[in-house]
Amino acid sequence: MIHNRTLHALEFGKITEHLAGLCCSGVGREAALAVAPLPDSEAVTLAARLYEEAAAWAARPVGDGGKAFQLTAFPDVGGLLRAVERPQSRPDADAFWALREVLRLAQSARAAIDTPDAPRHWPHLLELAQAVPMPVQLTAALNRCISDDGLIRDESSPELYRLRGELRRLHRNCMRKVKDFALQYNMLPYLQDEFMTLSSDRYVLPLKANFKGRMQGIIHDWSQTGETCYFEPMFLVEINNRLQELKHEEREEERKVLAYLRDLLSAELPGAWAALDLLAQLDVLQAKRRLAGLFDGRCIGLSPVEEGIRLLEARHPLLLLARGRGAETARDTARGGRSSESAKPSTPSVRPLDILLRPGERALVITGGNAGGKTVCLKTLGLMVAMTLSGLPVPAGKGSHLPWFSRMDAFIGDEQSLDDNVSTFTAQIDHLAKAWKHLDQHGLALLDEFGAGTDPAQGAALAQAVLDELLDKHTFVLAATHFPALKSYALTREGARAASMLFDPATKKPLFKLAYDQVGASQALDVARERGLPEAIVRRAEHYLLQDGRDATALLARLNDLAARREEELTALRAEREKARHAAQLNRERLEKERLRLHDEVRGKAAELMRAWKEGRATSKQALKEMSRLRASLLPAAEAETPSVPPRPQQFVPGQSVLHGIFNKRGVITDVDERRGRVRLDMNGVNLWADMKDLRESGGKPAQPVAPRAAVKRGDDDPASLRLDLRGMRADQALAEVERFLDKALLAGFSEVEIVHGRGTGALRREIHEFLRAFPAAERFSLAPEDRGGDGMTIVTFR
């Protein structure tokens, strides 16, 4: 629980106001203003996951599963849904049009979320969308009965369709009669306009005023100038009477349609509320992403209390929003302007802080000069805790984490109250006394100059006693103070840590940086001099301070100077580390591109040699020689990139551990072929023959001798064979054997070969078929007939 008093002191309400300003609907703004700390850690973790999933869903490519969805402004139909609960309510067509728009948008949002890969990428967002079934019948009825311009469609009911058809026929009949009558009696000179119009829901003619006595009929109205009267000729009376009857029947039928829609809405009211709630939550999630875009924020995770507090590069959210483009961007976004999710405000004056409490530490005592940022540091932590527990992103770096706090109390600012007749010190004590029983190992107390409103000696003693008791209760504490006693307390008390806000040794200006495990001077006289206090007063104060004999300003200034230089060195080292990491990344990318280029080049040259051999432009011996030359040309480049090459072993024996120089993998020798200068290696279950010249000393202890593995079954070891048996082999080993087998078969001039892989689970067969699809010399491949092995063997035909 976080008391409203604490949230008010941390100005949490301004965060929710910014969030509401980034929403695109009224119901979303109401939901944003109601955002508050959640009741337990599970709810906080769920809210953070929901935010991350919504961000991933919104950032997915347009064609990546489902059509793109963009949440736009939608009407608030909460009043309609509440009104339907009353039996006497009679919603009109405009209200149902607004409901139709909401249901359409909710249906589109749900369809965009419910994609085939949704359970894997955004399961919690999918669960939110599927929480309550959508009102399917109501949505279909609204689409059928309500038009885009908010009117009731003719197709709403058969009777309404008939009545409106008759009205249209009546209108055409009336137009024809008026035209015939005007031509027959030469009435055109009498009319202001040759078209008839409606007055009092009856068809009339716009007759010139000076001709009103020339015809028999009824005058219904006059124009504002008095020059035109709206005249109903006698031959239109019967038609107008019929028109009134049809209009009355049409209104009755429309009331029936609206009553039908109201009954449907009443029956599916939970689904309608669920649709509105879904849109409201999506609106708030979208506003959270926009808020994170304003200050480059993220949702940070919760950690066990034993891991302490770790806020890296933390910046006060309200300072970022106030000094950036927060307000303007919020208004532009809410009005449908350019999205601000990627916009990052230019706020160079908001310095990041690392707020750290290591495992076993529960109290951080911050000292330093006035206006140096101590209170801002306390408010930064408090506001980030409140935002994190509310499921909001915060401006902190990657790797940050906070424990779950069930209680947070902030003693910040002047709490003096004239209405309650209490001083600042008394108000702090009252607040602490009420919160004391709730503070435990899951509590956080923020103490800003606690005890400063009374006698300094008694206030310092009281502050130390409070810190002692809070540490005994394992409560987290962040305290800002100028008391010298608390400075020494923070350096000597187990479980507490000291930190100082640094200032520039030359200019005495605050640097707004925290230096840990040291205390700082208050700099009161420097601040007074900078703020324009007369120099005589400052000098006299320095004189009294020297007389007192307790001035440690010089020592603390020296410590501050050392800490400032250490921070500069750490910043430079971090920059160098980042530069080295970036260079290493670029180097890895360059090597990967070079590897892919060499791979493509070798495959191309191998395919070219294969075509030359098949076309008779090269013999098999020439092709093999050229392949050997190509392999040899690549080997020096690979060796040149190896900075340190281990020496070659003097002798090779089974059981010896060696390093394969080309693959850079360790293996154990299982067999030695001295005549051909090669050995068989077992590299984590993969067996292969390797040339002795490619082997290096592994640098480790020789492994125990192992029994040689069974050889791969095929026609011969060296000569080309028509069949390769891979049963019992791993996929990577089998693919290497297949590539070697196909090369030999091609050079031997075979047109068709057999690869025996067995049935099993089919995994080895799929890997081999995938390899054969990319093999350029394979024209086609297929499973063997049942009498030759069936799906346990693949037949490959060459081009």
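Predicted model: local features only at pLDDT ≥ 70, side-chain atom pairs only at ≥ 80, totals over all residues.
The protein comprises 799 residues, of which 44% are buried, and its secondary structure amounts to 24 helices and 23 strands. Among contacts between residues at least 6 apart in sequence, 68% join residues that are at least 24 apart. The accessible surface was computed as about 42900 Å², with carbon and sulfur atoms accounting for 53% of that area.

In soluble globular proteins, nonpolar side chains tend to be buried together. In the present model, the largest nonpolar core contains 58 residues, and those with the most contacts inside this core are Leu 311, Leu 381 and Leu 446. The greatest contribution to this core comes from helix α15 (residues 374-389), which supplies nine residues.

Helix α9 (residues 136-145) has buried residues at Leu 138, Thr 139, Ala 141, Leu 142 and Cys 145. Viewed down the axis of α9, these buried residues fall within an arc of 165°, and they therefore line one face of the helix. On the other side of α9, Val 136 and Gln 137 are exposed. The cover over the buried residues of α9 includes helices α6 (93-113) and α11 (237-267).

Helix α11 also contains Asn 240, a residue that counts as buried because its relative accessible area is 0%. Apart from neighbours within four places in sequence, Asn 240 is in contact with Arg 202, Tyr 203 and Glu 232.

Two arginine residues are likewise buried in the model. Arg 164 belongs to helix α10 (residues 158-184) and has a relative accessible area of 11%, so that this residue is classed as buried. A polar contact of 2.9 Å links the side chain of Arg 164 to the side chain of Glu 250. Beyond residues up to four places away in sequence, Arg 164 touches Ile 152, Arg 153 and Asp 154, together with Glu 250 and Glu 254. The other arginine, Arg 696, is located in strand β19 (residues 695-697) and is buried at a relative accessible area of 13%. A polar atom of the Arg 696 side chain lies 2.9 Å from the backbone oxygen of Lys 693. Although Arg 696 and Ser 657 are 39 residues apart along the chain, their C-alpha atoms are separated by 9.4 Å.

Strand β23 (residues 793-798) is mostly covered, with six of its six residues buried. In a regular strand the side chains alternate between the two faces of the sheet. In β23, Met 793, Ile 795 and Thr 797 point one way, whereas Thr 794, Val 796 and Phe 798 point the other way, and all of these residues are buried. Strand β21 (residues 752-756) runs antiparallel to β23 and is joined to that strand by five bridges, while five bridges also join β23 to strand β22 (residues 778-783), again in an antiparallel arrangement. Thr 797 of β23 takes part in both pairings, being the bridge partner of Glu 752 and standing opposite Arg 780.

Backbone geometry was also examined at two loop positions. Most residues other than glycine have a negative phi, and most peptide bonds are trans. Glu 11, however, has a phi near 60°, a positive value in a residue other than glycine, and is situated in the loop between α1 (4-9) and α2 (12-21). With a relative accessible area of 26%, Glu 11 is partly exposed. Glu 449 also has a positive phi, near 55°, and occupies the loop between β11 (443-448) and α17 (456-472). The relative accessibility of Glu 449 is 24%, and this residue therefore counts as partly exposed.

Terms used
Residues numbered from 1 in each chain as written. Heavy atoms only, no water. Core = buried A, V, L, I, M, F, W, Y, C linked by side-chain atoms within 4.5 Å. Buried < 20%, exposed > 50% of the residue type's maximum accessible area, 1.4 Å probe, protein only. Helix = DSSP H or I, 4+ residues; strand = E, 2+ residues; numbered from the N terminus. Polar contact = N/O pair within 3.5 Å; in protein donor to acceptor, adjacent residues only side chain to side chain. Contact = heavy atoms within 4.5 Å. Areas by Shrake-Rupley, 256 points an atom, 1.4 Å probe, with all protein chains shown as cover. Arc of directions from axis to C-beta. Pairing = 2+ DSSP bridges.
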